Every structure is written in C-alpha cells, then in structure tokens.
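Open the model in your viewer and keep the selection tool at hand. The tour below goes stop by stop.

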Amino acid sequence: AVKDDVKDLRAAYSSSRGLGAHQLPLLKLLMCRGLYPQLAVSDEFNSSRKDSEQIFHTKHLQGVVLHPTSVYSNKPSLLHPEEEKCKGQDQGSEGNRCPQHQLLAYVSLLKTNKPYLLNCICVPALQTLLLLGRSLDTNADCSRVVVDGWLELVLSRPTEGTGLMTAIRRLREAWEQALTDCLERQGETDGEGGAGELAPGRANSRLRRELLDFLEAEMPYTLRRLTALEKQNLYVGPQVVMEMPALSGLSAGLAECRADPTKGGLKVTDYFTYNCLTDSQDLYSNCLRTFWSCPICDLYMPFTPLERMEHEMTCGAQERRESGLPPDFVEPAPPVPSALQVSYRCSVCEQDFLFTPTQVLRHKRQHASDAHVQKEGT
C-alpha cells in the first residue's frame, strides 16, 4: 500500500506556502515539462457554452471534459484569458489575438462513459509550447509556428517572429545545459557517497531570471488546432527546398543546417525546422534580405531571417561570456562575416576562402601580380 508520511506532507505544505509569485510560474513549467506532451486545448466555442459543458481536445482524442472533482470544473473562469487584458486586441479570422491563451497539462486520462482529464494544471500556451515542443515548424518570417503537427501559433506582429525563435533557441539550450550539469554533479556527489546540495551557480540564476521574463512576456497571438485537411497539406515538401550556399559561411550553426527530406525547409536544430510551412506566398522570401540593426553589437546590415537569428545567437553567446568576466575586462567581439560573402576555391593556390566578389577579384589580381614578378625575375 502507498503510505504518506504526515511530517513530510506538513513540511512540503509549509515550504509551498513560502513560494513567491515569481516562483510559481517556474514550478508549473517544471511540472509541465514532466507531463509533456499530455496537453489539452480548449474548444474554440467554449466561450458560448455553459460552465458545466466545457470541452477540451488532446492531440489524439477530441471532446474530453474536466472531471467533476477538478477545481477548474468548479471554477471554469480560471481557464479563460483575463478579459481586461484581451480587450482591444485584434480579432483575426482564425480566432482572438490575445496574449493570455491557456493550456491544460494533465496527469492522466480517465475513460468511463466520457473521457475525463484528471489532476490538471493551467499553463500559458505560447511559452509552454515553444519551450517544450518536440517539433517547431515555421514559415519564412517565423510569424507562424506549428507545434508537434497539431497546434498553430500565429503572431499578430510578424516582425517579432525571428527574435522570438532566437530567444527560444537560447533558452532551450541553456536549460538543457543546466540539466546536464546538474545530473553530472549529482552523479559525482553520489559517487563520493555524499548528499550535499548542488549550488545553483550564476548561470542557473540567470536562466531562472530569463525564463521568468519570458513567461511574463505578453505578445498577442492566435492559438488553434489544425484540421485533418490542413495536416495533410501542411508542409512544402522536399521538392521546393532552395539551396542557399551563402549560409555556409555565416557560422558553424548555419553550416550544420540541412534540408529536411520530408517537410522541406531547413533543419536548424533537432526540434526547429525553418520555412517548411505551405503558407509562404513567395518561395524566395527566405532569401530576401532586409536591413536590421543588432541591439547588442549595433551592426546594421541586410539579413535574411535565418541569418538574423544566427547572428543574434552568436551575439547572445558572446554577451553571456562577457558577463562572467571582471567588470574592467572587455573581450573584443568576434568578426561578423559579410552577408555578401560566398564560398570560393582558388584554382591557383588550391585553398578555400570566404570572399565577397571584390575580394575574389583582388585575390585573382594578387596571383597575376605574383606570376608577373616571378616571370620578370627569371
């Protein structure tokens, strides 16, 4: 039989009462990470239904309801966005654009005469899906994101898409690194026979602060389930993937990008596929550059969306490294390659370079001048 220690329960209750308003969102996010992908989304017509008739949908099962003993069943208003924060938001053709969409993370699904959700917790939709989603598929400007092939997020301000995906990549990498370091230190502690606490460290403190800032950020967006027909025609497919040789010279991160053989687009990470959705009106939109100023290094030049994300990742990593140095030490910023540079192999010296067209001509003239000098010398 399962037995609970009253002292342990009392201690857990006392410690939970001391949690601040900024700690609860992190605790919910950690719980959701353990439960993922057990998520349920509210039906789009729930606002017109009675509180006792609220319907939810999971990825593989539609029409589930809350168990009568659930706190959300007794108070369904907790599941709806705060009306005062959603007033004045744009009404899109695919749903309300609101920064307060919610999802239900559940522990188990009980099937009797109806399927019931048990032990639920309410979490913010955008932040949870982007931080925990196993597959993030975007269009050319990252304003539309499909998570795990069944939920669609559409930002009301498309210009925020690339910056949002950069922040997501940075947070996920830092979170994974923090978990890896924690497990390694725990293994070393267990091997030594000790049970000492693991110091959070400066990096973990920064990660908590950045996660909290992201969880509290508000950006209007729409959330909806994809229909079966939309799922069948979701991806552009491999036949329209465009080769972009200029990307290989930007950084090691972009050099590792490969075309996805099934979805199309570019596989940036194991969970992020760029520009693979069929809603792109222009097949060349991922190659078009627009001028953008980096808020970290003040670089102002034209970038494609993917180049901009990679530059932000590079600058962000450099900023984090500098934050760990003494205040009087300033590390020089790494050189940023020009967006006009392409791979060039010289047939004379048989070396590979990353040159602009002007640098290619200068290199050729240098070889011609060296040959002329060598000829005169003989």
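A salt bridge here is a side-chain nitrogen of Lys or Arg within 4 Å of a carboxyl oxygen of Asp or Glu. This is a predicted model, in which local features need pLDDT of at least 70 and side-chain atom pairs count only at pLDDT 80 or more, while totals for chains, interfaces and linings use all residues. Residues are numbered from 1 along each chain as its sequence is written, and side-chain values use heavy atoms, with hydrogens and water left out.

**Stop 1: salt bridges**

Select aspartate 137 and lysine 263. They form a salt bridge, with the closest N and O atoms 3.0 Å apart. The pair links distant parts of the chain, 126 residues apart: aspartate 137 is in strand 8, and lysine 263 is in the loop between strand 12 (258-259) and strand 13 (266-267). Helices (H or I, at least four residues) and strands (E, at least two) are DSSP runs, numbered from the N terminus. Both aspartate 137 and lysine 263 are buried. Buried means under 20% relative accessible area, exposed over 50%, and partly exposed in between (1.4 Å probe, protein chains only).

By the rule above, the salt bridges number eight. Go next to aspartate 43 and arginine 49, whose closest N and O atoms are 2.8 Å apart in another salt bridge. Aspartate 43 is buried, at 12% relative accessible area. Arginine 49 is partly exposed, at 28%.

Now select helix 7 (residues 201-216). Glutamate 210 and arginine 206 both lie in this helix, four residues apart, about one turn. Their salt bridge has its closest N and O atoms 3.0 Å apart. Glutamate 210 is partly exposed at 22% relative accessibility, and arginine 206 is partly exposed at 23%.

Finish this stop with Arg144, Glu152, Arg224 and Glu230. Salt bridges link these residues in a network.

**Stop 2: the loop between strands 8 and 9**

Select asparagine 139. This residue is in the loop between strand 8 and strand 9. Asparagine 139 is buried, with a relative accessible area of 6%.

Cysteine 142 is buried, at 1% relative accessible area. Most residues other than glycine have a negative phi, and most peptide bonds are trans.

**Stop 3**

Jump to asparagine 275, in the loop between strand 14 (272-274) and strand 15 (290-293). Phi of asparagine 275 is near 60°, again positive in a residue other than glycine. Asparagine 275 is buried, at 13%.

Then select tyrosine 36 and proline 37. A cis peptide bond joins them, with omega about 10°. Proline 37 sits in the loop between helix 2 and strand 1.

**Stop 4**

Show the open sheet of five strands, in the order 2-1-6-7-3, with mixed pairing. Strand 2 (56-57) and strand 3 (65-66) are at the edges, each with a single partner strand, so one side of each has no neighbour in the sheet. Two strands pair if DSSP finds at least two bridges between them. Strand 6 (residues 102-111) and strand 7 (residues 115-124) run antiparallel, joined by nine bridges. Leucine 103 stands opposite valine 123 in strand 7.

Contact means heavy atoms within 4.5 Å. Axes are lines fitted to C-alpha atoms, for helices over the stretch in contact, and angles run from 0 to 180 degrees between N-to-C directions.

Helix 5 (residues 125-132) also packs on the sheet, touching strand 1, strand 6 and strand 7; its direction makes about 95° with that of strand 7. Eight of the eight residues of helix 5 are buried, so this helix is largely enclosed by the rest of the structure.

**Stop 5**

Select leucine 129. Leaving aside neighbours within four places in sequence, leucine 129 is in contact with Tyr36, Leu39, Leu103, Leu136, Val147, Leu151, Leu153 and Leu223. The largest nonpolar core has 48 residues, and those with the most contacts inside it are Leu129, Leu153 and Leu223. A second, separate core of eleven residues includes Ala40, Phe56, Leu104 and Leu117. A nonpolar core is a set of buried Ala, Val, Leu, Ile, Met, Phe, Trp, Tyr and Cys residues joined through side-chain atoms within 4.5 Å.
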